[in-house]
Amino acid sequence: MKNEYDVLVVGGGPGGALAAWTAARLGLSVCLIEKRPAIGAPVRCAEGIGKELLKSFIEPDPRWVSADIKRARIVAPDGTTIALDENKAGAEVGYVLDRKVFDRELVWQASKAGSDVFVKTRAVAPIMEGRHVRGAVVECCGKRQDVRAKVTIAADGVEAKFARWCGIDTTIPLTEMMSCIQYLVTDIDIDPNSNDFYLGNDVAPQGYLWVFAKGERSANIGIGIPASKNKPDMRARDYLDRFMRENFPNGKIIECIFGGDPVSRPLPCTVADGLMIVGDAARVVDPITGGGIGNAMITGRLAAEVAAKAIAQGDTSKEALMPYDAGWRQAKMGKTLERNYKVKEYFITLSDEKMNTLAQSIEGINFSEITVMALLTEIIKRNPKMLLELKGLTHALI
Amino acid sequence: MLQIHREICGYCGACVSVCPEGALELVDAYLTVESDICRCCGICTKACPLGALEVTDEE
Ligand SMILES: Cc1cc2nc3c(=O)[nH]c(=O)nc-3n(C[C@H](O)[C@H](O)[C@H](O)COP(=O)(O)OP(=O)(O)OC[C@H]3O[C@@H](n4cnc5c(N)ncnc54)[C@H](O)[C@@H]3O)c2cc1C
Ligand code: SF4
Ligand code: SF4
């Protein structure tokens, strides 16, 4: 490992990989460090991603696409099911990835583009000159060394310790940290082309439970509930185990993962002098779905592009890096995050009865597209009385 | 003090970012607590999907 790079990327998830890949492609010297011994493992994800979003970064490859999803089903507390079908809706649903392989592929691409990659190497402190971040002290197999960089990209995921060490408050309130657990279950009867979402205070209070197909007879079955909803005798794990007993009693659990998914608003500012924050560390997870792979890649790529310009101009101050922060906020991603945060805030106030009524009003509709707005328009068209119910939501959206 | 039940912990990090003091960290796939920063508020115990954290009376 050299002692000096243009860009140091902390974290080898999709955000860090895209940052390193892009920066290397732009001709910068790049170092990516990952504290775990292997990229992509253990995976902390249900592995769902939109097709078009994925394709804007990399061509899908059967080596890391586990399932091509044609349908999404949302199951209300009373069992009413809203089916969103790719064929009928004309809008893509998504893929379920094999992230162990996918994350490795992204880092492999970064490496092929020229980035140095080090696993089992973690940042333990930033190198600061006044308020300017100049790289990190890294530790590899017990050995510490300074790695100086013109720009450091914090892509360390939900933990977000690096930015915190640099003086940025990355604390997540308990109500906005989704406490998640997931089993990879085999030998079960599922629709191999469907991703199913179960709602309701009994199933997953203020969150949802998912069954994402991973092939013919296996699925990622998991749950996320706000950490504040965990009770000593009823934690995320207890909800999931109960669902498994009731729905897949004979399924074989071959993997078990846990994790935190931040569904807060993004950090108020994602840059500082010499520092850029991307992906989960920047809290750019979709507040409704908890999906963050795509947004991590979007922010990773944009951060590297802005870093390259700033480095070329010899100015890596907060001001020079600001186009990154402004860029993603003004783009579709930033606007969607803001809107979906408000939608989430509305949905967590709904009782099971109201959720059932909502689902009943839209059951059986053929949507022309699968978006929140399309759903709302249809609900109001079919059931104008719902307009009053949805006042809070429409207000949030306009 | 904050007790980490290592036999339960899945080393996922969900607790790390809810700690207002920044006292928790995942080091080499182990959850560690900086006892001189931790003020035993118990916030992190709520975030764990498995119940691996506990604030006990022990000093
Ligand atoms: C249970 C669960 C289900 C999910 N399901 C989905 C889904 O279906 N679809 C979706 O889009 N998103 C999903 N997400 C969210 C998704 O996993 C994340 O948004 C995504 O991985 C974020 O990518 P990232 O690169 O920002 O962070 P990560 O993928 O978390 O990568 C961060 C990396 O940084 C490393 N690191 C941390 N600290 C250091 C350090 N000090 N030094 C070096 N390395 C460090 C970590 O080891 C890690 O590898 C889910 C999350 C959870 C918990
Ligand atoms: S008890 Fe409070 S201060 Fe201590 S680690 Fe947990 S959240 Fe942090
Ligand atoms: S949330 Fe629980 S399982 Fe995850 S690291 Fe913290 S104590 Fe361990």
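Let me begin with a convention: contact here means heavy atoms within 4.5 Å, helices (H or I, at least four residues) and strands (E, at least two) are DSSP runs numbered from the N terminus, and axes are lines fitted to C-alpha atoms, for helices over the stretch in contact, with angles running from 0 to 180 degrees between N-to-C directions. This is a predicted model, in which local features need pLDDT of at least 70 and side-chain atom pairs count only at pLDDT 80 or more, while totals for chains, interfaces and linings use all residues. Residues are numbered from 1 along each chain as its sequence is written, chains are lettered from A and ligands numbered from 1 in the order in which they are written, and side-chain values use heavy atoms, with hydrogens and water left out.

With that in place, helix α6 of chain A, residues 236–247, lies across β12, β13 (194–198), β14 (208–213), β15 and β16 of chain A, and runs at about 30° to β12(A). Those strands belong to an open sheet of 7 strands in chain A, ordered β6-β5-β13-β14-β15-β12-β16, with mixed pairing, where two strands count as paired if DSSP finds at least two bridges between them. At the edges stand β6 (81–85) and β16 (252–262) of chain A, and because each has a single partner strand, one side of each is left without a neighbour in the sheet. On average, neighbouring strands of this sheet are turned by 15° against each other, direction ignored. Within it, β12(A), residues 177–186, and β15(A), residues 218–226, pair in the antiparallel sense over 9 bridges, and A:Cys180 has A:Gly224 as its bridge partner in β15(A).

Chain A also has an open sheet of 3 strands, in the order β3-β7-β4, with antiparallel pairing. Here β3 (48–49) and β4 (65–69) of chain A are the edge strands, each with a single partner, so one side of each has no neighbour in the sheet. The antiparallel pairing of β3(A) with β7(A), residues 94–97, extends over 2 bridges, and A:Tyr95 of β7(A) is the bridge partner of A:Ile49.

Turning to helix packing, the axes of α8(A), residues 318–330, and α9(A), residues 332–347, come within 4 Å and cross at roughly 65°. Among the residues making this contact are A:Trp328 and A:Arg329 of α8(A), and A:Met333 and A:Leu337 of α9(A).

Two backbone details deserve a remark, given that most residues other than glycine have a negative phi, and most peptide bonds are trans. The peptide bond from A:Ala41 to A:Pro42 is cis, with omega near -5°, and A:Pro42 is found in the loop between β2 (30–33) and β3 of chain A. A:Ala160, which is not a glycine, has a positive phi of about 50° and lies in the loop between β11 (143–154) and α5 (161–165) of chain A.

Finally, the ligands. Of the 13 residues around ligand 2, the nearest include B:Cys19, B:Cys38 and B:Cys41, where near means that a heavy atom of the residue lies within 4 Å. Of the 13 residues around ligand 3, B:Cys9, B:Gly10, B:Cys12, B:Cys15 and B:Cys48 come nearest.
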